[in-house]
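I set out in these entries what I looked up in the structure, strand by strand and helix by helix.

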Amino acid sequence: MSTELPESAVPPPTGAGESSPAPTRRTFIATSTAVGGAVVAGGAIGGSFLAAPEEVAAAEAPPSSPVSLTVNGSRRTVTVDNRTSLLDLLREHLDLTGSKKGCNAGACGACTVLVDGRRVNSCLTLAVRLEGAEVTTIEGLADGDQLHPLQQAFIDEDAFQCGYCTPGQIVSGVGCIQEGHTGSPEEIREWMSGNICRCGCYVKIVRAVEQTAGRK
Amino acid sequence: MSPQPQAAVGAPLSRVDGRLKVTGNAQYAAEFDVDGAVHAVIVDASIGRGRITGIDTGAAEAQPGVLRVIHHGNAPKLPYRDNAGSNNPPGRRQRVFQDDRVLFHGQPVAVVVATTLEAAQHGASLVKVEYDAVQPSTDLHDAERDKPTKYARGDAEAGLRDAPVRLDVTYELARNHHNPMEPHATIARWDGDKLTVWDKTQWVVGTHDELAAVFDLPAEAVRVINPFVGGGFGSGLRCWPHSVVAALAARETKRPVKLVLSRKQMYFGTGFRPSYEYRLRLGSDGRGRLTAAIHDIDAETSSYETFTEAVMGAGQMTYSMPNVRQAYRTVPLDVNTPIWMRGPGFASASFVIESAMDELAHKLGVDPIELRRRNEPNEDESSNLPFSTRRLRECYTVGAREFGWQRRSARPRSRREGDWLIGLGMAAGVYDPGRYPAQARARLDADGTAVVEAATSDMGPGTYTSQTQVAADALGLTMRTVTFRLGDSLYPQTGPHGGSSTMASVGTAVHDACNQVRRQAIKLAVEDRESPLYGVKADDVVVRGGRLHMKDNPARGETYRTLLARNDRTHLEAGGSYTGPPSPARHSYHAYNATFAEVAVDATLGLVRVRRMLGVYDAGRIISPKLADSQAIGGIVGGIGTALLEHTATDHRDGRIVNANLADYLVPVNADVPDVRAIYLDGEDNDGNALGVKGLGEVVQVGVAAAIGNAVFNATGRRVRELPITAEALL
């Protein structure tokens with residue numbers, strides 16, 4: 001699964017201290033620490049990226065930026081703390097809690113959304129990078145009351161139990177089908193392995209993806 | 001079961017909450033939109049044992065958005081009333097921010113409350129804590145044992161001494177973490193002296209009681225809500241310290257507080273399946289009839305609580321033998337307290353016993369299934385009670401046939417496909433399902449729909465669906481017209497959603513409540529001169545699709561709606577209950593399985609790949625076959641994790657868990673799970689519950705790791721006596 005964004009989705013620097021037009025995760029940690037922000041994927045708790053006191057003192061207000069993006073077809077313009085991940089933007093600010101936080105470190109796939117049609121881990125994606133991007137979450141898949149065929153297949157195949165990884169699995173499955181990685185159960189298993197299901201529904205997830213791909 | 005026609009029970013129905021889950025609309029604990037909620041992030045101790053000598057919160061408090069930093073230096077004293085319930089083990093439970101002592105690496109030492117999540121997270125990273133650290137003791141092999149819990153029958157020493165065939169093996173089992181996909185989370189809100197929490201838990205009643213005890217509140221002042229649980233596997237069976245932290249932070253800041261554990265914090269903020277060192281000595285005659293077994297079992301616990309689990313049961317009753325001795329010792333370490341994890345005790349013991357049986361079979365040159373058949377007991381030799389049902393022989397027969405066991409070569413390392421060595425293995429599994437008193441309430445409304453409530457949970461097995469099935473049949477309604485509600489401490493009380501207890505316990509209470517409501521309606525009809533059923537014997541009336549009619553004459557009847565409307569009744573209502581298993585016990589009541597595995601092991605690299613697995617289950621009546629199938633497959637997947645991947649690794653120098661994340665603590669992913677199949681034997685077990693169920697959530701994981709280990713031996717000729725079985729061990 002890709003955690004990098006398509007080039008077009010990367011906005012120019014917003015003047016809050018970032019200088020790289022396409023920051024890698026590592027450079028982001030370095031640059032954001034310099035302006036007093038240090039929240040990236042699972043690392044901040046317990047002081048892993050402790051900023052020096054003088055750097056903290058320099059930070060008078062959390063740097064924030066406006067960002068305008070399309071979420072499930074609706075244009076949203078918000079001003080967010082630069083440290084905000086796309087996942088936290090969705091869950092904490094836009095009331096779209098369908099995308100789940102499982103590990104906040106890109107290891108479990110529960111937060112998978114489509115950005116400009118590509119699956120990404122929204123927990124590793126900074127919201128302010130998404131100027132002009134089109135984001136599709138689990139809430140955007142159904143057409144009114146009509147479920148997306150993969151959503152229906154998940155119900156029919158009982159491809160979930162607790163349901164917590166399910167939105168990520170389904171969005172990832174939609175991406176997997178669009179990418180054409182559904183030639184065989186083995187191929188689906190490989191290309192769906194970025195999404196952990198602790199209840200162990202993999203056999204049925206593969207079946208649901210396979211059937212839905214076959215209907216296209 | 002009631003005399004009602006069975007339409008929903010036993011039918012392969014899809015989940016009633018499926019739509020909510022696939023659209024992202026199911027609300028888990030952290031997702032409730034509580035007005036004005038602020039965010040809390042815990043600061044974890046960075047030493048393994050010692051004292052806090054100073055906390056500098058200045059930098060954190062200077063952060064925009066940070067409201068408070070709470071720690072032992074400024075936290076109010078909390079009452080922490082004794083609470084033997086709520087699954088608190090013997091000992092002295094963690095008391096958050098009540099003193100300067102650090103008992104294990106990761107213990108909460110402070111909490112930062114801020115208006116935004118970002119500010120709280122960053123604030124937590126800025127809290128500077130000074131410690132006076134001492135060397136923690138975290139190595140199971142290098143610590144004092146507690147006094148053992150013992151069991152004995154016959155003379156095991158003599159039996160072993162006299163046995164013509166002997167085995168003396170020691171197995172090591174790694175610590176496993178549940179790692180449910182949903183992190184534990186709590187939203188706490190105070191309204192005056194009343195506390196409401198939305199909390200990830202497998203037992204709203206237990207969490208309710210614990211919070212009432214910690215804050216010394218009357219029962220009616222606390223409410224716990226949790227309609228959806230994003231996986232548990234046991235991690236939600238206790239109220240963990242972070243829930244208290246959230247409630248404390250909310251009280252101190254006078255704001256609702258949301259606190260979500262990070263994935264890393266899940267490794268020390270909640271419990272785990274303890275690591276074991278398990279020595280087993282087995283004696284048998286020349287034909288493989290067991291004569292004696294000695295079990296020496298050591299398991300980790302914390303320094304402040306003594307956690308135990310049912311690790312002795314399997315060794316006492318799985319196989320027939322006259323002489324058994326067991327000693328189970330807990331080993332207090334500077335770690336947080338373990339908790340039950342899927343198949344608790346039995347899954348750990350079964351890995352050892354079922355692996356050893358395979359070793360014995362190999363030593364004797366007897367087929368592993370045949371060896372087990374030769375040791376099948378006629379009664380439970382630990383209690384001398386007859387089995388309610390025990391169909392393990394059938395599990396073997398069906399499993400061997402469906403899996404193609406006859407194709408297995410008894411000689412290890414005899415099947416090869418290219419680089420891969422192929423092996424088949426099997427194991428038996430047994431579990432002692434829980435049965436706890438439970439209450440439920442059913443209400444039939446005048447519009448012909450019903451609502452049924454109980455304070456149970458649904459962590460994934462499908463409680464919503466299966467209880468609706470039970471209720472629908474007992475009420476004579478369609479699934480669509482019955483709503484089952486759970487996950488609220490205001491609902492009728494139940495035991496914990498764990499130990500495979502829910503269907504037998506809550507299901508029986510639901511069944512009882514719904515039967516009563518149906519009988520009320522029938523009584524109303526047969527005594528109502530205007531009813532077409534007037535004068536009919538109540539026992540001759542059934543209800544189907546919301547319509548009461550004579551059993552033998554479906555044309556004669558009327559609907560609930562008509563009946564209630566004519567009688568000016570807005571609703572009919574009843575409470576139902578389950579009082580627990582028969583006491584004294586009349587039967588040995590257990591669920592069983594035979595689990596089969598085929599693995600491929602790379603001859604050069606030692607990589608183990610599971611190729612296919614099958615479980616065959618004797619689990620009583622299956623209420624919801626479609627969901628039970630998923631649960632069994634999931635249990636096998638969990639067992640694959642225990643067998644091949646899962647291992648919480650601690651750095652004994654400072655007590656830190658070094659792989660506290662999902663990239664380094666490996667769990668099975670899709671590519672690890674090719675072909676898994678489950679078969680439930682048709683049947684029922686009527687030992688003390690009207691539904692004929694045994695419970696199945698645990699037994700499906702018992703024996704899985706042994707079946708895989710035995711397949712690895714069959715493939716390679718290498719017996720790995722340590723979990724997980726890794727490539728390194730096979731090189």
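**Entry 1. A covered strand in chain B**

Which residues of β1(B) are buried on one side, and which on the other? I listed B:V38, B:A40, B:I42 and B:D44 on one side and B:H39, B:V41 and B:V43 on the other, and these are all buried, with both faces covered. I note that the model is predicted: local features need pLDDT of at least 70, side-chain atom pairs count only at pLDDT 80 or more, and totals for chains, interfaces and linings use all residues. Residues are numbered from 1 along each chain as its sequence is written, while chains are lettered from A and ligands numbered from 1 in the order in which they are written.

I took a residue as buried if 20 or more other C-beta atoms lie within 10 Å of its own, as exposed if 12 or fewer do, and as partly exposed in between, with C-beta atoms placed from the backbone. By that count, seven of the seven residues in strand β1 (residues 38-44) of chain B are buried. Strands are DSSP runs of E, at least two residues long, and helices are runs of H or I of at least four, numbered from the N terminus. In a regular strand the side chains alternate between the two faces of the sheet.

I then looked up the partners of β1(B), where two strands pair if DSSP finds at least two bridges between them. Strand β12 (residues 257-260) of chain B runs parallel to β1(B) and is joined to it by three bridges; there B:V38 has B:V257 as its bridge partner. Strand β5 (residues 108-114) of chain B runs antiparallel to β1(B), with six bridges, and B:V112 is the bridge partner of B:V41.

**Entry 2. Two helices in chain B**

Two packed helices are described by the angle between their axes and the distance between the axes. I used axes that are lines fitted to C-alpha atoms, for helices over the stretch in contact, with angles from 0 to 180 degrees between N-to-C directions. Helix α12 (residues 463-475) and helix α13 (residues 502-526) of chain B have axes that come within 8 Å and cross at roughly 30 degrees. α12(B) and α13(B) are therefore roughly parallel to each other; angles under 35 degrees count as such, over 145 as roughly antiparallel, 65 to 115 as roughly perpendicular and the rest as oblique. The crossing of α12(B) and α13(B) is right-handed, that is, the near helix is turned clockwise from the far one by less than a right angle.

For contacts I required C-beta atoms, placed from the backbone, to lie within 7 Å. Residues of α12(B) in this contact include B:T463, B:V470 and B:L475, and those of α13(B) include B:T502, B:V510 and B:R518. The contact residues divide into nine nonpolar, seven polar and one charged. Here Ala, Val, Leu, Ile, Met, Phe, Trp, Tyr, Cys and Pro count as nonpolar, Asp, Glu, Lys and Arg as charged, and the others, Gly among them, as polar.

**Entry 3. Chain A and its sheet**

I counted seven helices and five strands in chain A. Of its 216 residues, 57% are buried. The five strands form an open sheet in the order β2-β1-β5-β3-β4 (chain A), with mixed pairing. The edge strands β2 (74-81) and β4 (118-121) of chain A each pair on one side only, and the twist averages 40 degrees from one strand to the next.

Strand β1 (residues 64-71) and strand β5 (residues 134-136) of chain A pair in the parallel sense over two bridges, and A:T70 has A:E134 as its bridge partner in β5(A). Helix α5 (residues 166-179) of chain A packs on the sheet, where it touches β3 (112-115) and β4 of chain A, and its direction makes about 40 degrees with that of β3(A).

In helix α5 of chain A I found A:Q169, which is buried, with 31 other C-beta atoms within 10 Å. Not counting residues up to four places away in sequence, A:Q169 touches A:N195, A:C197 and A:I205.

**Entry 4. Where the chains meet**

How many residues does each chain give to the contact? I recorded 62 residues from chain A and 64 residues from chain B. On the side of chain A that touches chain B, α7(A) gives the most, with five residues. By class, that side has 34 nonpolar, 15 polar and 13 charged residues.

Note on methods: Two residues are in contact if their C-beta atoms, placed from the backbone, lie within 7 Å.
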